[in-house]
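Dear colleague,

Please find below the structure that I am handing over to you. My notes on what was found in it follow directly after.

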Amino acid sequence: MIRSMTAFARQEAQAEWGVLTCEIRTVNHRYLEPSFRLPEALRELENGFREHLRKTLGRGKVDVGMRLQASDTADTGLVVNERLAGSLNEAINHVNRMLDNPAHISAIDVLRWPGVLEREEPDLSPVKTAADELFRRAVDDLVKVREREGERLRPLFDERLSAMSALVSQVRERMPELLKAQEESLRERFRAALIELDADRISQEMVMLAQKSDVAEELDRLDAHLNEVSETLQRNDAIGRRLDFLMQELNREANTLSSKSIDADVTRIAVDMKVYIEQMREQVQNLE
């Protein structure tokens, strides 16, 4: 399964406590690099989210954003700190007894004292449970999107691999003909130079020429690398790095084929190969 590293997923959950939204965006990156923007109340879930991403995604830059919109019915009430209020009341009465003209202190004055009136801490356990489930659903959706995007690239790889295999076969079929033409060209140069055609000398020159222009190993390695790319595309794990390495190897062999070329058609074929390799390499950079 081919997976792209570019994808987007969005999931939403709603309950009596409000609305929770999770969005995940991923782009290509050499390693797995997650970043999180979570509500403060859900910050403790980040380590668990990171661990889940490590188990699910191979690599890519991952931006996770989660928003919590509390419902009006979920507003918490106010709680009086009775211990502080009692201590404050005793202190007020004590001071009033010391004064000739004590001031009247109302309940509102007491409630205004810092810490007397507190907001009741909400129970966030249902929200945290929902957030964890929502995140996992979003990741599952993200993986499906990455797979769909990756599979759209399969025809591109198949077409380029088939085209390159056909080019390798063309060069392989033409090599005996090319070597024969080179031998005739060598004989003609000897004749033009009025050099006696010594069979041993011609044989030596042909051996040297054959060694310089022998591309059998390059063609064999090209075939092997092309087969390896095809097999790698069938694997279910992360294949991006392996394919990137294979593209480098294919390009190296195409360059060697071009440098050893003894024919304009072979040179053109080597250039066509490098074009196909570059087209695949550009897409490989975005694969997980």
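Arg10 touches Thr21, Cys22, Glu23, Arg67 and Asp141, leaving aside residues up to four places away in sequence. Please note that these contacts, like everything below, come from a predicted model. Arg10 belongs to strand 1 and counts as partly exposed, because its relative accessibility is 39% and the range for that class lies between 20% and 50%.

Strand 1 (residues 7–15) runs antiparallel to strand 2 (residues 18–27), and nine bridges join them. The two strands form a hairpin, with two residues between them. One of the bridge pairs links Phe8 with Arg25 in strand 2. On the other pairing, strand 3 and strand 4 are parallel and share six bridges; there, Ser35 has Asp63 of strand 4 as its bridge partner.

Taken together, the open sheet has four strands in the order 1-2-4-3, and its pairing is mixed. Strand 1 and strand 3 each have a single partner strand and stand at the edges, so one side of each has no neighbour in the sheet. On average, neighbouring strands of this sheet are turned by 10° against each other, direction ignored.

Two helices lie across these strands. Helix 4 lies across strand 1, strand 2, strand 3 and strand 4, and runs at about 150° to strand 1. Helix 1 lies across strand 3 and strand 4, with an angle of about 150° to strand 3.

Which residues of helix 1 are buried? In this helix (residues 46–56), they are Glu46, Phe49, His52 and Leu53. Viewed down the axis of helix 1, the buried residues fall within an arc of 120°, so they line one face of the helix. As a general point, an α-helix has 3.6 residues a turn, so residues three or four places apart point the same way. The cover over the buried residues of helix 1 includes strand 3 (32–37), strand 4 (60–70) and helix 4 (125–151). Asn47, Arg54 and Lys55 are exposed, and they sit on the face of helix 1 turned away from its buried side.

A further residue that may be of use to you is Met175, in helix 5 (residues 154–192). Met175 is buried, because its relative accessible area is 13% and the cut-off for buried is under 20%. The C-alpha atoms of Met175 and Val266 are separated by 9.4 Å, while the two residues are 91 apart along the chain.

The largest cavity holds about 40 Å³ of space. Its lining consists of Met1, Ile2, Arg3, Asn236, Asp237, Ala238, Ile239 and Glu288.

Finally, some totals for the protein. Its secondary structure comes to nine helices and six strands. Of its 288 residues, 35% count as buried. Among contacts with a separation of 6 or more, residues 24 or more positions apart account for 78%.

With kind regards

Notes. Residues numbered from 1 in each chain as written. Predicted model: local features only at pLDDT ≥ 70, side-chain atom pairs only at ≥ 80, totals over all residues. Heavy atoms only, no water. Buried < 20%, exposed > 50% of the residue type's maximum accessible area, 1.4 Å probe, protein only. Pairing = 2+ DSSP bridges. Arc of directions from axis to C-beta. Contact = heavy atoms within 4.5 Å. Axes fitted to C-alpha atoms, helices over the stretch in contact; angles between N-to-C directions. 1 Å grid on protein atoms, 1.4 Å probe; cavity = no way out; pocket = protein on both sides within 12 Å on 5 of 7 lines; lining within 4 Å. Points joined across faces, edges and corners; volume = space filled by probe spheres on them.
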